Every structure is written in structure tokens, then in C-alpha cells.
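Open the model in your viewer and keep the selection tool ready. The tour moves from stop to stop, saying what to select and what is there.

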Amino acid sequence: MAKRHYTEESSLAELERERAILAFAKQEGRGLTIPEVALNCSVRLVDTAAVLNRLTTRGVCQMDVSEEGELLYLFTCFTRPPELGVVTSVPSAVIEVPQE
């Protein structure tokens with residue numbers, strides 16, 4: 001009976017860690033590293049890595065590597081689109097002028 005109780009508690013703890021990490025990912029709206037998630041969610045590094053890997057396996061997030069070589073976890077459902085620039089001119093090759 002004690003083993004079952006422990007399993008239920010650990011499952012609840014895992015769900016709570018998952019919830020905290022998903023809330024942080026939504027708040028940030030960008031790729032996240034294991035250390036920053038662990039620090040901001042008050043979760044041990046090993047547990048953070050396990051949760052992020054589990055979320056990756058489920059398709060909730062994707063792994064990528066930054067230009068600096070850092071492992072990033074991307075939550076595309078929470079990622080903010082890049083700021084759109086204002087087009088000040090259009091190359092003439094793009095504009096088709098109808099011939100009369």
C-alpha cells in the first residue's frame with residue numbers, strides 16, 4: 001500500500017513540474033534551455049531534463065541547437081512570431097506591370 005501511495009505522490013509531483021514548465025514556456029514564448037527552466041521553475045536539473053525530454057517525445061516541444069551550441073526546447077504553440085518589418089520598397093522585378 002505504501003508503494004502505491006508513493007507512486008501517486010510522484011506522479012502528482014511530475015504533473016506539477018510539467019505544469020510549471022509549460023506555464024514558463026508560455027510566458028517566455030521562445031526557445032528555452034534546461035538550466036533556465038530549472039532556475040525559473042524551481043525544479044532540479046535532472047528532473048527538468050526528464051520533463052522536457054518527455055514533452056519532446058509526446059510532440060509538445062521540439063529540440064533545437066542555438067547558434068551558440070546550446071540545446072533549446074521550442075514550444076511552437078507558445079512561440080511568438082518574429083516582429084514583422086515594414087516594407088519600404090519592393091524590388092521592381094517583383095512588380096509585374098501589365099502590357100497594353
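Start with residues 87–96. Here pLDDT (the predictor's confidence in each residue, from 0 to 100) stays under 50. For this stretch the model has one contact (heavy atoms within 4.5 Å) beyond four places in sequence. Where pLDDT is low, the predicted coordinates should not be read in detail.

Two notes before moving on. This is a predicted model, in which local features need pLDDT of at least 70 and side-chain atom pairs count only at pLDDT 80 or more, while totals for chains, interfaces and linings use all residues. Residues are numbered from 1 along each chain as its sequence is written, and side-chain values use heavy atoms, leaving out hydrogens and water.

**The whole chain**

Colour by confidence. The chain averages a pLDDT of 82, and 72% of the residues score at least 70. Now show the secondary structure. There are three helices and two strands, in the order α-α-α-β-β from the N terminus. Helices (H or I, at least four residues) and strands (E, at least two) are DSSP runs, numbered from the N terminus. Confidence is lowest in H1, at a mean of 83, and highest in H2, at 97.

Of the 100 residues, 27% count as buried. Buried means under 20% relative accessible area, exposed over 50%, and partly exposed in between (1.4 Å probe, protein chains only).

**The core**

Select Ile21, Val37, Cys41, Leu52 and Phe75. These have the most contacts inside the largest nonpolar core, which has 16 residues. Such a core is a set of buried Ala, Val, Leu, Ile, Met, Phe, Trp, Tyr and Cys residues joined through side-chain atoms within 4.5 Å. Helix H1 (2–28), helix H2 (34–41) and helix H3 (45–57) each supply at least two residues of this core.

Stay on Leu52. Which residues is Leu52 in contact with, leaving aside its neighbours within four places in sequence? They are Ile21, Ile34, Val37, Cys61, Tyr73 and Phe75.

Next, pick Thr48 in helix H3. Thr48 counts as buried because its relative accessibility is 0%. Beyond its neighbours within four places in sequence, Thr48 is in contact with Ile21, Ile34, Val37, Ala38 and Val43.

Highlight the buried residues of H2: Ile34, Glu36, Val37, Ala38 and Cys41. Is Ala23 buried, partly exposed or exposed? Ala23 counts as partly exposed, because its relative accessibility is 40%.

Now step to Ser42, in the loop between H2 and H3. Ser42 has a positive phi of about 55° although it is not a glycine. At 69% relative accessibility, Ser42 counts as exposed.

**The surface patch**

Switch to a surface view. Select Met63, Val65 and Leu71, which make a nonpolar patch of about 260 Å². Areas come from the Shrake-Rupley method with a 1.4 Å probe; for residues, only the protein chains shown count as cover.

End on Val65, in strand S1 (residues 62–65). Val65 counts as exposed because its relative accessibility is 52%.

Key. Patches are made of residues with over 30% relative accessible area and no salt bridge: like charges are joined within 9 Å, nonpolar side chains (Val, Leu, Ile, Met, Phe, Trp, Tyr) within 5 Å. A salt bridge is a side-chain nitrogen of Lys or Arg within 4 Å of a carboxyl oxygen of Asp or Glu.
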